[in-house]
Amino acid sequence: APLLILTAYVSFTSVGMVIASPVNDLLSERVERALCGPRQAPPLPFRLQAKATALSLLDSLTIALAQLALSAFAAPLLLVPIVGWIPLFLVNAYFAGRAFFEAGTARNFLRRRHVRPALRQRQRQILGLGMAMEILFLVPLGGLVLMPLGVVAGTLLYCSIDWEQT
């Protein structure tokens with residue numbers, strides 16, 4: 001039973017983000033357009049767009065594997081009374097905040113090497129966003145209903161960065 005609860009807790013955010021990603025992407029695009037104005041991006045040929053999408057999927061897979069590895073490392077700490085849940089909560093909160101933040105980066109075809117400096121700059125804000133969303137996910141259906149709020153907050157973080165300078 002504890003292993004089942006742990007698995008459900010760790011996978012709920014990831015599965016929810018994958019299911020909601022088309023809607024989250026549209027919402028993030030609208031928020032970005034409202035904040036940053038319309039952008040005249042040159043149209044990419046299909047071959048380059050397919051390559052960028054494949055690279056984005058590869059980046060997402062490596063991020064998911066990193067989350068799985070850190071969660072597996074933090075899971076035995078659940079045996080520590082009272083405070084054992086904190087490391088696992090922080091790992092999941094960071095990756096949830098990062099997922100909301102990276103909705104804009106994936107849509108704009110930014111790779112991990114481009115995003116890494118911004119992640120370092122905004123690490124506390126991303127963790128704070130993730131913690132807020134993880135707390136909402138503890139409320140049954142609360143996280144799913146308020147997930148658009150996390151997408152808007154992640155897009156606000158994305159738009160607040162001067163990407164050319166970064």
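Modeller: Happy to! In this predicted model, Ile-82 sits in the loop that links helix H2 (46–74) to helix H3 (85–107). The phi angle of Ile-82 is near 70°, a positive value in a residue other than glycine. Ile-82 has a relative accessibility of 76%, and because exposed means over 50%, Ile-82 counts as exposed.

H2 and H3 pack with their axes 9 Å apart, at an angle of about 170°. Angles over 145 degrees count as roughly antiparallel, and H2 and H3 are therefore roughly antiparallel to each other. By class, their contact has 9 nonpolar, 4 polar and 2 charged residues. From H2, the residues in contact include Ile-63, Ala-66 and Leu-70, while H3 brings Leu-88, Val-91 and Phe-95, among others.

H3 also leads us to the core. The largest nonpolar core has 20 residues, and Phe-100, Phe-101, Leu-119 and Ile-126 are those with the most contacts inside it. Two or more residues each come from H3, helix H4 (112–121), helix H5 (123–138) and helix H6 (142–159).

H4 deserves a look of its own. Its buried residues are Val-115, Ala-118 and Leu-119. These lie on the same side of H4, because they cover an arc of only 105° around the axis. The buried residues of H4 pack against H3 and H5, whereas Arg-113, Arg-120 and Gln-121 are exposed on the other side of H4.

Note on methods: Residues numbered from 1 in each chain as written. Predicted model: local features only at pLDDT ≥ 70, side-chain atom pairs only at ≥ 80, totals over all residues. Heavy atoms only, no water. Helix = DSSP H or I, 4+ residues; strand = E, 2+ residues; numbered from the N terminus. Buried < 20%, exposed > 50% of the residue type's maximum accessible area, 1.4 Å probe, protein only. Core = buried A, V, L, I, M, F, W, Y, C linked by side-chain atoms within 4.5 Å. Arc of directions from axis to C-beta. Contact = heavy atoms within 4.5 Å. Axes fitted to C-alpha atoms, helices over the stretch in contact; angles between N-to-C directions. Parallel < 35°, antiparallel > 145°, perpendicular 65-115°, else oblique. Nonpolar A, V, L, I, M, F, W, Y, C, P; charged D, E, K, R; others polar.
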